[in-house]
Amino acid sequence: MNIKNKHLSLPLIQGGMGVGISLGNLAGNVGKCGGMGVISTADIGFKEPDFWQNPLAANVRALKKEIKKAQDIACGNGLIAINAMVATVQYPQMVQAAIEADIDCIISGAGLPTKLPELAGDSNAAIAPVISSAKAAGTICKMWDRRYQRIPDFMVLEGSLAGGHLGFGEDALKNGTTEPLETLLPAVLKAIEVYAEKYNTEIPVFVAGGIDNAEEIEKFIQMGAAGVQIATKFIPTIECDAAEGYKQAFLTAKKEDIRIVKSPAGMPGRALWTPLMQNVEAQGRIAPKKCINCLVPCDTGKSPYCITEALIGAALGDYEKGLFFCGANAYKLDKITTVPEVLDELLPQWRNK
């Protein structure tokens, strides 16, 4: 399929996972196989020596290095993208840094990316919002059309079984009363139809959240999806950028270990029920020891915990102090594998072409 003026041979986006889970190695290897590899920009420079003193410079420097690494590994195959969260303070700078590094696509969620077309300007990067309802899809199309005479190059429709920050109410997530992707997808396709017709183009929609087998992928494509976005299944791969301890946490996780948790970003999220999350629930909050002002808004005096410290701890394999975001089916992971093996399992008909 074509996205903007770029070709994507596999109908799959590897979901962005921060902090430090999907970097240049994972994204590059997914791209090498013909998919869209995604680098998460969230505090990507956490291993840089000056990160805590100068987080912006460290993150920009690291992002450009990771994009270059991914591009070198992919060797012109597939596409390389970033996932940049609207809720982060450095959102505009991360988008600009990625454009300067000649990124193929920019995926943006954790809030509606109302100003993304302005940030992307006349660059060659394809831009895509992450949405969770037909209302959000229609709103972003209407806003971009009116303000910028532009519509999304593609969209990611993230359902309630996804990992990380979720665009649904906490009660509905816990009660299981959210609309399923099977209901959301037709409504989203209907909501964006008028804008696709106006611009005489297509707006490919990739569905995400709890999809982990070839049969489900085929079902959604038959329903009109352009493809799928999958993240959690790539965690226990050799190519994943996270520490070995991070991967092992998922291989030993049980279904009851996966919960809806509070995030300082102001949205509910899905993660492993680690000692950190248990302590937050028991104590009400764990006061941050230091702050680099990473989220908008984030009141350090009221924040339940420091999300940067928690995600860095997880990426380094610290199960006790880490926040391990995950999809609803993370408990099904049972072995270390490779990116090509995951893609062979998920997309046999495309991989065998």
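User: Which residues lie nearest the centre of the second largest pocket, and how many line it?

Analyst: This is a predicted model. In it, 25 residues line the second largest pocket. Nearest its centre lie S160, L161, R270, A328 and N329.

User: Which elements give two or more residues to that lining?

Analyst: Those elements are α6 (170–175), α7 (181–198), α8 and β12 (258–262).

User: What is the volume of the second largest pocket, and what classes of residue line it?

Analyst: The volume is about 470 Å³. The lining has 10 nonpolar, seven polar and eight charged residues.

User: Now helices. Why do residues three or four places apart in an α-helix point the same way?

Analyst: An α-helix has 3.6 residues a turn, so such residues point the same way. Take α12, residues 339–346. Its buried residues include V339, V342, L343 and L346. These four sit on the same side of α12 because they cover an arc of only 95° around the axis.

User: What covers the buried residues of α12?

Analyst: The cover includes two strands, β3 (12–14) and β11 (227–230). It also includes the helices α1 (24–32), α8 (214–222) and α13 (348–351). Helix α8 also gives two or more residues to the lining of the second largest pocket.

User: Next, a single residue. Is A136 buried or exposed?

Analyst: Buried means under 20% relative accessible area. A136 has 15% relative accessibility, so A136 counts as buried.

User: Where is A136, and which residues does A136 touch?

Analyst: A136 is in helix α5, residues 134–148. Leaving out residues up to four places away in sequence, A136 touches L112 and I131.

User: How far is the C-alpha atom of A136 from that of G269?

Analyst: The two C-alpha atoms are separated by 19 Å. Along the chain, A136 and G269 are 133 residues apart.

Conventions:
Residues numbered from 1 in each chain as written. Predicted model: local features only at pLDDT ≥ 70, side-chain atom pairs only at ≥ 80, totals over all residues. Heavy atoms only, no water. Buried < 20%, exposed > 50% of the residue type's maximum accessible area, 1.4 Å probe, protein only. Contact = heavy atoms within 4.5 Å. Arc of directions from axis to C-beta. 1 Å grid on protein atoms, 1.4 Å probe; cavity = no way out; pocket = protein on both sides within 12 Å on 5 of 7 lines; lining within 4 Å. Points joined across faces, edges and corners; volume = space filled by probe spheres on them. Nonpolar A, V, L, I, M, F, W, Y, C, P; charged D, E, K, R; others polar.
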